[in-house]
Amino acid sequence: LSAPIYFTPGPSELYPTVGAHIQTALEAKIPAISHRGKTYQEFHGRAVSNLRELLGLPSDWSVLFLSSANEIWERALQNTVGHKSAHLVNGSFSKKCFSFASDLGLQTQKLTKPEGESFRASDILLESDVEALFVTHNETSTGASMPVDEIHALRKQFSGLIFVDAVSSLPYPSFDFSKIDSVYFSVQKCFGLPAGLGVWLVNNRVKDRQLILKEKGKSTGTYHRLDELLAQAEKNMTPETPNVLNIFLLSKVTEDLLNKGIGQIRRETEEKASALYVLCAEENGYLRPFVKDSLFRSATTIVAETSISPSEINKQLASLGMAVGSGYGNFKDNHIRIANFPAHSPLQMEQLIDALKKINR
Ligand SMILES: *Cc1c(COP(=O)(O)O)cnc(C)c1O
C-alpha cells in the first residue's frame, strides 16, 4: 500500500498541489539559485504578498521568514523583552515558550489552565511590569483553542506587546490585526508544506521595541535580530541563506489557497470540524471530546479521549491508507489527535469518519 493520508497534526498531509510544485522547482533548479538574485526576490515577494492578501494583513506589518516556530519564540523574547514576559500556559507548546523565557534569564509571569481548557480575557490579570504577553491560539497538544474574540479583548486590559502563536490554526482564524502585535506559524501545519520554515508577522510596535532595547545596550540576538530581518525583508531577502525551496513552495501554495478562497477554506474547516465533533458525541462510540467546554474546542486539531488504543486505531486505519495522531505526552495512549487542515478535503474527512466508526474493538 502507498503512504497513508496523514491526519496527524504536524507534520501533516501535504497540500495536494505540493508534488507538482516540487517538480516545477526542480525543473527550474530553484534549490540551486542564489538567494541574492532577482528570481529569488520575485518569489519571496510573491509569498509575502500572497500571505498579506490571504490573511488580510495591514500594509505596515512585516512578514519575516525564520526556521521554525521554536526559533520565533526565542527571537520574539530576545528582541522585545528586556525584563519580564507573561505566558498563558495550558499545554506542552505554550509551556515550552514559557520555558524559553526562563532559560533566557527573563523574569516571567505564568498563568495556567488545566490541559483541555483555555483562557478568557477576564481570567487574565497581568503584573504591571510585564512587557510582552505570549498567547497560544491553538494548543496542539490538547485541542484547546482560545477564542479569537477573547484574544482581541486582551488589548483593553494590557498595553504591552501581544504575541499570538497560531502555528496550528492559521489561515483559519480571522484576526483583527489592530488588537494584537504579532502572529506566527510554521508551514508544516495548516499550509501543508515540508517542515523547516517559520513565518513571523510583526507590527511597528514590535519593531520599535527592539530598537529601544538595542539603544539601551541590550543584546537582541545575532543573525535573526529583528532590525536585520527587516532590513533584508525590505529587499525580499533574508540575512542568511534561507530555506529557498520552501519559500518557493509557499509562494505557490498560498496562490492555490487564494484561488480556493479564504471564505471557502474557513467554511470547509468548520464543516469538517463539526462532523468530527458529532462523531465524538455518538452515544455508543469509543471517542469523547477531550475539551469539555465547546467554547474552547479547536476547529483545526480535534482531540478525543479514546477507549481503544491509538496504536490499535492506527493499525486498522493503515489498511485503509489513513493515519491519525496519537495523544501528546502523557496522553499518548488515551487520546487521538486529528488534524483538520486545508490539505484535508471534505471527502477525505468523510472517509476518515466512516473508517473511525468501523474500528473493531
Ligand atoms: C508545532 C507547534 C509549534 C512548534 O513548531 P515548530 O515549527 O516545530 O517550531 C509551536 N506551537 C504550536 C501551537 C505548535 O502546534
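Let's start with a term: a residue counts as buried under 20% relative accessible area, exposed over 50%, and partly exposed in between, using a 1.4 Å probe and protein chains only. This is a predicted model, where local features need pLDDT of at least 70, side-chain atom pairs count only at pLDDT 80 or more, and totals for chains, interfaces and linings use all residues. Residues are numbered from 1 along each chain as its sequence is written, and side-chain values use heavy atoms, with hydrogens and water left out.

Asn-236 has a positive phi of about 55 degrees despite not being a glycine. At 25% relative accessibility it's partly exposed, and you'll find Asn-236 in the loop between α7 (226–233) and α8 (244–260). Helices here are DSSP runs of H or I with at least four residues, strands are E runs of at least two, and both are numbered from the N terminus.

Lys-29 is another non-glycine with a positive phi, about 50 degrees. Lys-29 counts as exposed because its relative accessibility is 59%, and its loop runs between α1 and α2 (38–55).

There are cis peptide bonds to look at, too. One goes from Gly-10 to Pro-11, with omega near -5 degrees; Pro-11 is in the loop between β1 (5–7) and α1 (18–27). Another joins Leu-170 and Pro-171, with omega about 15 degrees, and Pro-171 belongs to the loop between β8 (161–165) and β9 (182–186).

**Around the ligand**

What surrounds the ligand? The shell holds 13 residues, and the closest are Asn-70, Thr-140, Asp-165, Ser-186 and Lys-189; a residue is in if one of its heavy atoms lies within 4 Å of the molecule. By class, four are nonpolar, seven polar and two charged. Helix α3 (residues 69–80) gives the largest share of that shell, three residues.

Here are some polar contacts (pairs of N or O atoms within 3.5 Å):

| Residue | Protein atom | Distance to a ligand oxygen |
|---|---|---|
| Thr-140 | polar side-chain atom | 2.4 Å |
| Ser-186 | side-chain N or O atom | 2.8 Å |
| Ala-69 | polar backbone atom | 3.1 Å |

On its own the ligand exposes 390 Å², and the protein buries 90% of that; these areas come from the Shrake-Rupley method with a 1.4 Å probe.

**One more loop**

Ser-294 sits in the loop between β11 (287–289) and β12 (301–306). With a relative accessible area of 54%, Ser-294 is exposed. Ser-294 and Ser-145 are 149 residues apart in sequence, yet 9.8 Å apart in space, C-alpha to C-alpha.

Definitions and conventions. Polar contact = N/O pair within 3.5 Å; in protein donor to acceptor, adjacent residues only side chain to side chain. Nonpolar A, V, L, I, M, F, W, Y, C, P; charged D, E, K, R; others polar.
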